[in-house]
Amino acid sequence: MISNIASKVVKKLIDHSVIDDTEQELYVYGFFILISQILYFTLTIMFGILLDIVLESVIFYVAFQFIRRYAGGIHASSELKCEIVTTTSIFLCLLCIKLCEINNIQMPILVLTIIAAVSIFILCPLDTPEKPLTKEEYKYFRKISWVILLLIMLAICIGWHFKLEFIMYPCCMSLILESILLVLGKIKRLIKK
């Protein structure tokens, strides 16, 4: 769905001579990423409104997008599967944030987050067979992932210390989701070998 929209946008831009058709693939990919980000951010806000945790949903989305971009993880085998899994994952994470706030279950979530952080630290970055990372890219993405992980962990510590659950829970869930995606990606890679 998103790739079709991106292709149509690029075709219109080529038809109106706004862009050159020699770099059509690059533009389609760029618009695919842009449209995806807008769509999933909008869905996250809508779910946040539905669950009455709008600020938490924004914090979750931003934290998750930063760590996901550099740490990597599993990718769905088709665009439709990706859209379904991503939408479901966002909703379930926001539902968990809401349930954590209602039930005030800080310690179990913090323990899960520490396990998640360790797994991210060890496994990141995880590239894809379609676009493997060079040795230099691997080192660069690993360092950036570690810095982002450290910043999110710092936000969690500040949220916990000052009892700012609206910061702590979304940041925890962003790391828990990312660690799940990394572990699944690693398992998928091991099975393929």
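## Terms and basis

Helices (H or I, at least four residues) and strands (E, at least two) are DSSP runs, numbered from the N terminus. This is a predicted model, in which local features need pLDDT of at least 70 and side-chain atom pairs count only at pLDDT 80 or more, while totals for chains, interfaces and linings use all residues. Residues are numbered from 1 along each chain as its sequence is written, and side-chain values use heavy atoms, with hydrogens and water left out.

## Overall build

The protein chain holds 7 helices and 0 strands, in the order α-α-α-α-α-α-α along the sequence. Its radius of gyration is 18 Å, close to the 16 Å that the globule rule gives for 193 residues, so the protein chain is as compact as a globular protein of that length. The radius is taken over C-alpha atoms, and the rule is 2.2 Å times the number of residues to the power 0.38. The C-alpha trace spans about 55 × 40 × 25 Å along its principal axes.

Of the 193 residues in the protein chain, 36% are buried. Buried means under 20% relative accessible area, exposed over 50%, and partly exposed in between (1.4 Å probe, protein chains only). Contact means heavy atoms within 4.5 Å. Among contacts between residues at least 6 apart in sequence, 75% join residues at least 24 apart.

## Surface and charge

The protein chain exposes about 11700 Å², and carbon and sulfur atoms supply 71% of that area. Accessible areas come from the Shrake-Rupley method with a 1.4 Å probe; for residues, only the protein chains shown count as cover.

There are 18 positive and 16 negative charges, and their mean positions are 8 Å apart. Lys and Arg count as positive and Asp and Glu as negative; His and the chain ends are not counted. The place of a charge is taken as NZ of Lys, CZ of Arg, CG of Asp or CD of Glu.

## Helix 4 and its end

Helix 4 covers residues 79-103. Its 25 residues should span 36 Å at 1.5 Å a residue, and its end C-alpha atoms are 36 Å apart, which agrees. The expected span of a helix is 1.5 Å times one less than its number of residues. Glu83, Ser89, Ile90, Cys93, Leu94, Ile97 and Cys100 are the buried residues of helix 4. They pack against helix 1 (2-15), helix 2 (24-51), helix 3, helix 5 and helix 7.

Asn104 follows helix 4 and is found in the loop between helix 4 and helix 5. Phi of Asn104 is near 50 degrees, a positive value in a residue other than glycine. At 48% relative accessibility, Asn104 counts as partly exposed. Most residues other than glycine have a negative phi, and most peptide bonds are trans.

Helix 6 (residues 135-161) has 27 residues and reaches 39 Å from its first C-alpha to its last, close to the 39 Å expected. Its buried residues include Arg142, Ser145, Ile148, Leu149, Ile152, Ile156 and Gly159. Helix 3 (54-71), helix 5 (106-123) and helix 7 (165-192) are among the elements that cover them.

In the loop between helix 5 and helix 6 lies Pro125. The peptide bond from Cys124 to Pro125 is cis, with omega near -15 degrees. After helix 6 comes Lys163, in the loop between helix 6 and helix 7. Lys163 has a positive phi near 55 degrees and is exposed, with a relative accessible area of 61%.

Phe60 is in helix 3 and is buried, with a relative accessible area of 1%. Leaving aside its neighbours within four places in sequence, Phe60 is in contact with Ile90, Cys93, Leu94, Ile97, Pro170, Met173, Ser174 and Leu177. Among these, Ile90, Cys93, Leu94 and Ile97 are buried residues of helix 4. Phe60 and Thr44 are 16 residues apart in sequence and 8.8 Å apart in space, C-alpha to C-alpha.

Ile122, in helix 5, is exposed, with a relative accessible area of 53%.
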